[in-house]
Amino acid sequence: MSNSDPKTRSKPGPWLPAPESSPLPPSSWAKRTGFRPKFSGETNASDSGQISLPPKPREQSDNQPDLEAGRARPAPTTTTTNTKPSPAAVNGTETAVPTENKDQTVKRRRDSDGGGPPKKESGHGANGQGPAAPTEGTRRAARNEEVVDVLPQTVEDNGFVGRHSHMKYELRDTPGLVPIGLYGFQHYLSILGSLILIPLVIVPAMGGSYEDTSMVVSTVLFISGVTTLLHTSFGSRLPLIQGPSFVYLAPALAIINSSEFQGLSGNNFKHIMKRLQGAIIIASAFQAFLGYSGLMSVFLRLINPVVVAPTIAAVGLSFYSYGFPLVGNCLEIGVVQILLVIFFSLYLRKISVFGHRVFLIYAVPLGLAITWAAAFLLTEAGAYSYKGCDPNIPASNIISDHCRKHVSRMKHCRVDTSHALKSSPWFRFPYPLQWGTPVFEWKMALVMCAVSIIASVDSVGSYHASSLLVASRPPTQGVLSRGIGLEGLSSVLAGLWGTGTGSTTLTENVHTIAVTKMGSRRAVELGACILILLSLVGKVGGFIASIPEVMVAALLCFMWAMLTALGLSNLRYSEAGSSRNIIIVGLSLFFSLSVPAYFQQYGISPNGNLSVPSYFQPYIVASHGPFRSKYGGLNYLLNTLLSLHMVIAFLVAVILDNTVPGSQQERGVYEWYDTEAARREPAVTKDYELPFRVGRVFRWVKWVGL
């Protein structure tokens, strides 16, 4: 007891007392989450030396581990004349915390994926409103490491951090028509794989021709441009691209491979597409209701980083049966494609050309272009030409054993088997109901409704992560509900036009923003306009549809791996080292792979001769799953939903995270900005308020307003 009495305790020396053995507050983590101190238990101490609340005695020491850098943060040894003792220093429990003059230089940490010389500070805070608070680079470089820059951030009284000064253009910046046009086109080109690869998977699975694939690709580009404009104007207003989401791919494949579609003759594509459209329209209307009714604000209490991380990671992991097994049909093309993308995105990521990290930003299109050119040269050189064999003859009509042995290589390695580019018109305008009137079946619609909840969970993580990059504050719960509601309306448009999947925020967009340093809303909007114009050129869709299937699978291997990693990166907003979180995430990921495997393998004989390719066999579970009651629709619903990896991951994570005790700091609860505080801040109002004074009309609807 005598050691804890400040009157009898000996006066500490010039060094700080050693902390007690207890969980240490991750200050670098708190900067990213924007947590309020009253929730996380942390102080408002930042690297700048700015303190808003008196620290607790056991949290005095600066010699604490930096969870971001992975090493101990040494205590500051420099002092200045402008020092002011904190209240705790009066009791002899804390040394004076140094502050810094306005003109003193600071060190900034260079971004690991960005570079360039550090820019001069303008002396202004967020949005240029007044001078920024004084900062101080107190972190020493570890041994054998170069002194790096530290981002100057301002910690406000409410615990949120100011804008990141490393962004080239922030949310409301408009640098000019040419710069935003180039950056907008770059933004879309960098996530090209997310926009075009889904139609290249589902249309052939539905029995569609190359011409059908070309038309769907053009429709996807058109809907992506239109819905992105709607979202940046009347949704969350963050620079997030809307497009076909991988979240909808697995249920779409499950519907496509339903037993009722296996024995169809004729044009299966339009028959299946109309039922997909009906399911997407109903599910999208449900998602719009979830957002605009305010139920999303209630649902947000269950969604935390510990829930989002395994759910989105399971989306990427669920397609392992499609990725490399299809690449194996032409290893010399597919493996080279994968290695090139990995080499560009990892080993050459720091090489700049005219100030742009071209290899990191354009890893996917560069790898695709090089591999496609190599495959074209091999095809023209006759590497895949076999005497007496025609690659355009269907495999079922081949009689010769010699040709039958090489049919797989001719189909997957050659680049001239597709006639999509030749058959596509120069101009084509995508229009609604172009495949016919949608057909509504309740069992398929309920499957998509459950998946729309997963899509909303995905968007919640994207909203929070992107807002910390480009905006001054995280969005309010009303803005988030408004964004989810508009995503539902966007998916209704996708269903009416017939893209085959719903439209939602692309998770990869957050990574693109961090890499390109482009957070301008205007750049994304101009890029969306360019996308709409490209969708009207039929040859563009035909060119994309002619990408060889092996290259598509190789690109998807990289894209799904990125999606898995981006999902797990949400754990940085929580205490990832907590045993509670480790167990929850581990159980969620394991059962997301194991439980669907049970459903997918149930009732299938080892030597069964199935009519679908091996990589589509996990999606025919509705016809042989363990649920076999007298209600066929209920059997279809339960067998299909419980065979989806992301559904199992979400159920396990949301139940465990909301029933296992844990502090708000440990769980990493997403902190959304207060509505009343947002209305008092002009900068936040300009970031999120609806344009053309539309927000004033709906100001009374608090759950979808600012």
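## The model

In this predicted model, local features need pLDDT of at least 70, side-chain atom pairs count only at pLDDT 80 or more, and totals for chains, interfaces and linings use all residues. Residues are numbered from 1 along each chain as its sequence is written, and side-chain values use heavy atoms, with hydrogens and water left out.

## The whole chain

The chain has 29 helices and six strands. Both are DSSP runs, numbered from the N terminus: helices are H or I with at least four residues, strands are E with at least two. There are 706 residues, and 53% of them are buried. Buried means under 20% relative accessible area, with a 1.4 Å probe and protein chains only.

The accessible surface comes to about 31000 Å². Carbon and sulfur atoms hold 61% of that surface. Such areas come from the Shrake-Rupley method with a 1.4 Å probe; for residues, only the protein chains shown count as cover.

Now the contacts (heavy atoms within 4.5 Å). Take those with a separation of 6 or more: 80% of them join residues 24 or more positions apart.

Helix H25 covers residues 645–659 and includes Ala 649. Ala 649 counts as buried because its relative accessibility is 0%. Leaving out residues up to four places away in sequence, Ala 649 touches Pro 310, Thr 311, Ala 314, Ser 588 and Ser 592. Ser 588 is 61 residues from Ala 649 along the chain, yet their C-alpha atoms are separated by 4.7 Å.

Asp 657 also sits in helix H25. Its relative accessibility is 0%, so Asp 657 counts as buried.

## Helix H22: Leu 555

Leu 555 belongs to helix H22, residues 549–568. Leu 555 is buried because its relative accessible area is 3%. Not counting residues up to four places away in sequence, Leu 555 touches Leu 197, Gln 337, Val 341, Val 364 and Leu 368. Leu 197 is 358 residues from Leu 555 in sequence. In space, the two are 8.3 Å apart, C-alpha to C-alpha.

Notes:
Buried means under 20% relative accessible area, exposed over 50%, partly exposed in between (1.4 Å probe, protein chains only).
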